[in-house]
Structures are given as structure tokens and as C-alpha cells.
Amino acid sequence: MSDNEHLIQSEDPTHPANHICELCAKFYNLGWVTGTGGGTSIKNGDKIYIAPSGVQKELMKPTDMFVMDFNTKEYLRKPQTHKPSACTPLFLAAFNKGAGCCIHTHSQWAVLVTLLVERDFGKDACFEIEQLEQIKGIGKGRGKTGNLGYYDRLKIPIIENTPHEEDLTSSLEEAIEKYPDTYAVLVRRHGIYVWGDNVHKAKTQCESLDYIFQLAVEMKKLGLPWTNMK
Ligand SMILES: CSCCC(=O)C(=O)COP(=O)(O)O
Ligand SMILES: [Zn+2]
């Protein structure tokens, strides 16, 4: 393997190596990638751009990026100082379903929602909410055109956390099989994986979901229902 430096060198801010660094710096300010947790990966054609593991995600540089060939799963560029993100197999699960970008956050709103669902509806329940304008920020599902409507019920599956991030992969894949229209999977006491056909869709869906989760937590505090409103 040569250094393949050209794969991460570009003046274009939307080049994946630059874009991941810019996005993670923004996500840090939202509390999504605090204390090295969380991250973002982008698929560009047959190349996957992956951040290093265990680094401050808001301080990354394009030269920190790993580049993987999506077809062979071989690394085309592998910085020697770090390992690739432990989230890599989960990002690949989203890319296998056609995603162009996958975002993993440790948002406290997402974590709180997983706890509220478990307390009020049980471990097997998914997060469900309806009649919020921001639901219109979420796509109808893979292979479907357009976004959910105001009267559609948003459902996000929840999987149980594991001691090691990579061990979440099979349950995330099962959740996607069970909820083929979902663009996100919550991880109990941990956070969320959100993806989209491209960076724009992954980012805006992640923003919409985080907004909805924050609202859901506040609604719960006020005794307001998430579903079955009159
Ligand atoms: C405090 S971070 C624990 C690991 C984790 O949940 C995560 O999302 C970060 O994984 P990475 O390997 O990308 O640093
Ligand atoms: Zn994580």
C-alpha cells in the first residue's frame, strides 16, 4: 500500500476528507461527539472515508483520515498512528443499504429517549412520535420518494448497547431488516446512528431527529403524550 496522499488532498471543502473534519467540529458544538465519542463516515463512489478511533473528533485533520475500498474492504490509506474508528462496521452496514454518509452521535437527547422508552413501553419498544412539524425532515424510506408527512408516525428502532462498539453491528443490521424504512437506529444508553443518501440528507435527518428527541424529553416532563393525540 502506498501512502495514497492524493486521496485526502483537496482544496474542495466538500471533499470527504475535508468535509468529515468540518462536520465533526460542528457536531462537537452540538454535544454530539463529546470526549472522542461519536463520529462520521462518508462514502464517495467506491471509497469510504473513516476517522481514527479515540481521537478528539473536533480537532481532526484531513491527513488523519483512513480510506477504504468499499468493494474489497481493503484500506487504500492507513495512517500508522491510529486505528480506524470502532464504528467502521456500523458505518459499513449503513453503506450496504445505499447510504452515502453515516453519522454517529452520543447526543444526550438520544440517550434520554432510549431510557424513557424502556421505562414507559419496555425493552422491545421502538421510539414513536407523531404530529410534530419536524417529522417532515425525515425521509419516507429507502427507495421511496419524499419525506414523511405531518400525520405520519415516526418510528425509530432501539438496540441494546454492548461493551464494544463493533459488537453492535449484528443488532443494528437486524433492526434495519425489521424497519426497512428507517434512516436511524438508537442505541440504549449510548446514542444513535443516522444515515442518508448523501451528506446533506444524513446531516439534516440527524438534526431533525435530535430536535425531536429534545422535544420528546421536554414533552415527557410536562406529561404530554408522544402519540394518540386528540
Ligand atoms: C467515549 S467514546 C467510546 C467509544 C464510542 O462509543 C464511540 O463512538 C467512538 O468510537 P471511535 O472508535 O470512533 O473513537
Ligand atoms: Zn459511540
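Visitor: Why is Gln56 called exposed?
Guide: Gln56 has 12 other C-beta atoms within 10 Å.

Visitor: What are the ground rules here?
Guide: This is a predicted model, in which local features need pLDDT of at least 70, side-chain atom pairs count only at pLDDT 80 or more, and totals for chains, interfaces and linings use all residues. Residues are numbered from 1 along each chain as its sequence is written, while chains are lettered from A and ligands numbered from 1 in the order in which they are written.

Visitor: Where does Gln56 sit?
Guide: In the loop between E2 and strand E3 (66-69). Strands (E, at least two residues) and helices (H or I, at least four) are DSSP runs, numbered from the N terminus. Gln56 is 21 residues from Gly35 in sequence, yet their C-alpha atoms are 6.5 Å apart.

Visitor: What makes Glu133 exposed?
Guide: Glu133 has 10 C-beta neighbours inside 10 Å, so it counts as exposed. Its place is the loop between strand E6 (127-129) and strand E7 (154-156). UniProt, in an unreviewed entry, lists Glu133 under "active site". Such annotations may be inferred rather than shown by experiment; feature names are shortened, and positions follow the numbering used here.

Visitor: Which residues does UniProt list for "binding site"?
Guide: His104, His106 and His190, again from an unreviewed entry. They are spread over 87 residues of sequence but cluster in space, with a largest C-alpha distance of 10.0 Å.

Visitor: How do you know whether His104 is buried or exposed?
Guide: Count the neighbours. His104 has 30 other C-beta atoms within 10 Å, so it is buried. His104 lies in strand E5. Beyond neighbours within four places in sequence, His104 contacts Gly38, Gly39, Cys87, Leu90, Gly191 and Tyr193. Contact means C-beta atoms, placed from the backbone, within 7 Å.

Visitor: And what of His190: buried or exposed?
Guide: The count is 21 other C-beta atoms within 10 Å, so His190 is buried. This residue is in the loop between strand E9 (184-187) and E10. His190 touches His106, Val111 and Asn161, leaving out residues up to four places away in sequence.

Visitor: Why does the span of helix H5 agree with its number of residues?
Guide: The expected span is 1.5 Å times one less than the number of residues. H5 (residues 199-221) has 23 residues and should span 33 Å; its end C-alpha atoms are 33 Å apart, so the two agree. After H5 comes Gly223, whose phi is positive, near 75°.

Visitor: What do the buried residues of H2 pack against?
Guide: Strands E1 (39-44), E2 (47-50), E5 (101-105) and E10 (191-196), and helix H4 (169-178). Leu90 and Phe91 are among the buried residues of H2 (residues 88-96). Gly98 follows H2, with a positive phi near 95°.

Key
A residue is buried if 20 or more other C-beta atoms lie within 10 Å of its own, exposed if 12 or fewer, and partly exposed in between; C-beta atoms are placed from the backbone. Two residues are in contact if their C-beta atoms, placed from the backbone, lie within 7 Å.
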